[in-house]
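Q: Could you take me through this model, strand pairing and side-chain contacts included?

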Amino acid sequence: MTLDLLPPGQSARIVAVDWDSLVDEEARRLRALGLDDGARVTVSHRGVFGGRDPIALSVGRMKVAVRRAHAAAMEVEPL
């Protein structure tokens with residue numbers, strides 16, 4: 001399952017990231033925010049207008065908003 005499909009309130013562990021599908025600069029930012037293999041994340045909520053973008057995540061003690069396209073590049077394992 002990819003992170004963009006995880007329901008709000010559900011926690012998961014990132015098991016793989018398709019870094020090749022992301023722009024290098026964006027990949028560096030995501031890694032700097034702790035969104036890498038092994039990270040535990042929880043979907044807090046999704047955008048309200050028209051689509052499901054952005055997705056708000058809890059990563060440790062931080063809240064991070066990511067684009068759905070970025071979340072789709074992350075394979076997760078629900079906890």
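This is a predicted model: local features need pLDDT of at least 70, side-chain atom pairs count only at pLDDT 80 or more; totals for chains, interfaces and linings use all residues.

Q: OK, and how many bridges do β1 and β5 pair over?
A: β1 and β5 pair over 5 bridges in the antiparallel sense; two strands count as paired if DSSP finds at least two bridges between them.

Q: What do the side chains of E77 and R13 do?
A: The side chains of E77 and R13 meet in a salt bridge, with an N to O distance of 2.9 Å; the term stands for a side-chain nitrogen of Lys or Arg within 4 Å of a carboxyl oxygen of Asp or Glu. The pair links distant parts of the chain, since E77 belongs to strand β5 and R13 to strand β1, 64 residues apart.

Q: What stands opposite R13 in β2?
A: R13 stands opposite R40 in β2. Strand β1 (residues 11-17) and strand β2 (residues 40-46) run antiparallel and are joined by 3 bridges.

Q: Which order do the strands of the sheet take?
A: The 5 strands form an open sheet in the order β4-β3-β2-β1-β5, with antiparallel pairing. β4 and β5 are the edge strands, each pairing on one side only. From one strand to the next the twist averages 45 degrees, taken between axes that are lines fitted to C-alpha atoms (for helices over the stretch in contact), with angles running from 0 to 180 degrees between N-to-C directions.

Q: And at the β4 end, which residue stands opposite A56?
A: A56 stands opposite A65 in β4, and 5 bridges join strand β3 (residues 55-59) to β4, the two running antiparallel.

Q: Switching topic, how many salt bridges does a search of the whole structure find?
A: A search of the whole structure finds 4 salt bridges. Among them, R29 pairs with E25, the closest N and O atoms being 2.3 Å apart. Both R29 and E25 lie in helix α1 (residues 24-32), 4 residues apart, which is about one turn of the helix. R29 counts as exposed at 52% relative accessibility, whereas E25 counts as partly exposed at 41%.

Q: Which residue does E26 meet in a salt bridge?
A: The side chain of E26 meets that of R67, at 3.3 Å from N to O. Because E26 lies in helix α1 and R67 in the loop between β4 (62-66) and α2 (68-72), the pair ties together parts that are 41 residues apart in sequence.

Q: Last one: where is P78 found, and what is P78 in contact with?
A: P78 is found in strand β5 (residues 74-78). Leaving aside neighbours within four places in sequence, P78 is in contact (heavy atoms within 4.5 Å) with M1, L6, Q10, S11 and A12.

Notes:
Residues are numbered from 1 along each chain as its sequence is written. Side-chain values use heavy atoms; hydrogens and water are left out. Buried means under 20% relative accessible area, exposed over 50%, partly exposed in between (1.4 Å probe, protein chains only).
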